[in-house]
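Good morning, and thank you for making time for this presentation. I would ask you to keep the sequence and the structure in view while I speak.

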Amino acid sequence: MSNRLKVGYGRVSSVKQTEGLSPENQKSRLEAYGCDVILKDVESGRKSSRQGYQKIIAMVRKGEVAEVVAIRLDRCGRSLIVAYKFYQLLEVNQVKLTLLDMPGD
């Protein structure tokens, strides 16, 4: 399964977001980590209808993804339910989740 991708995901609520989570900062860190594809959204993490987020879900379901990389879990979803459902999807499809600012698997 070496043809599966390492997909980076960045999300901000607004383009002006700071605290090290600017779109540029996230993109740079995901590139440095070696992501094959980087998807991003500028939208509330409470919404699961985000375009980049939905693309990752579709790719995971098709078996195209080996690993999803984000800076922190809240970049994937601000709601505990959204984040948990995302994690379950990854687990069922044997996709590793790497959070750069949260060490551990």
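The structure holds four salt bridges. Please bear in mind throughout that this is a predicted model. As a general point, side chains of opposite charge can pair when their charged atoms come close.

Let me begin with helix α1, residues 23-33. Here the side chains of Lys 27 and Glu 31 form a salt bridge, with 3.7 Å from N to O. The two residues are four apart in α1, which means that about one helical turn separates them. Glu 31 is partly exposed, at 44% relative accessibility, and Lys 27 is partly exposed as well, with a relative accessible area of 43%.

The next pair is Arg 29 and Asp 101, whose side chains meet in a salt bridge at 2.7 Å, N to O. Arg 29 lies in α1, whereas Asp 101 lies in the segment after β4, so this pair ties together parts that are 72 residues apart in sequence. Arg 29 counts as partly exposed, at 29% relative accessibility; Asp 101 is also partly exposed, at 39%.

I turn now to Arg 72 and Asp 74. Their salt bridge brings the closest N and O atoms to 2.6 Å apart. Through salt bridges that share partners, Arg 72, Asp 74 and Arg 75 are joined into one network. Arg 72, by contrast, is partly exposed, with a relative accessible area of 25%. Asp 74 is found in helix α3.

The largest nonpolar core has 19 residues. Those with the most contacts inside this core are Ile 56, Val 60, Val 65, Val 68, Phe 86 and Leu 90. Two or more residues come from each of β1 (5-12), α2, β3, α4 and β4, and α2 gives the most, with five residues.

Leaving aside neighbours within four places in sequence, Val 68 is in contact with several residues, including Val 7, Ile 56, Phe 86 and Leu 90. Val 95, Lys 96, Leu 97 and Thr 98 are also among the contacts of Val 68.

At the start of α4, a side-chain oxygen of Ser 79 comes to within 3.2 Å of the backbone nitrogen of Ile 81.

Which residues of α4 are buried? They are Val 82, Ala 83, Phe 86, Leu 89 and Leu 90. Seen down the axis of α4, these buried residues fall within an arc of 125°, so they line one face of the helix. They pack against α2 (51-61), β3 (65-70), α3 (73-76) and β4 (96-99). On the other side of α4, the exposed residues are Leu 80, Ile 81, Lys 85, Glu 91 and Val 92. After the helix comes Gln 94, whose phi is positive, near 55°.

To draw two parts together, Phe 86 and Leu 90 belong to the buried residues of α4, and both are listed with the most contacts inside the largest nonpolar core. Thank you for your attention.

Technical notes: Residues numbered from 1 in each chain as written. Predicted model: local features only at pLDDT ≥ 70, side-chain atom pairs only at ≥ 80, totals over all residues. Heavy atoms only, no water. Buried < 20%, exposed > 50% of the residue type's maximum accessible area, 1.4 Å probe, protein only. Arc of directions from axis to C-beta. Contact = heavy atoms within 4.5 Å. Polar contact = N/O pair within 3.5 Å; in protein donor to acceptor, adjacent residues only side chain to side chain. Core = buried A, V, L, I, M, F, W, Y, C linked by side-chain atoms within 4.5 Å.
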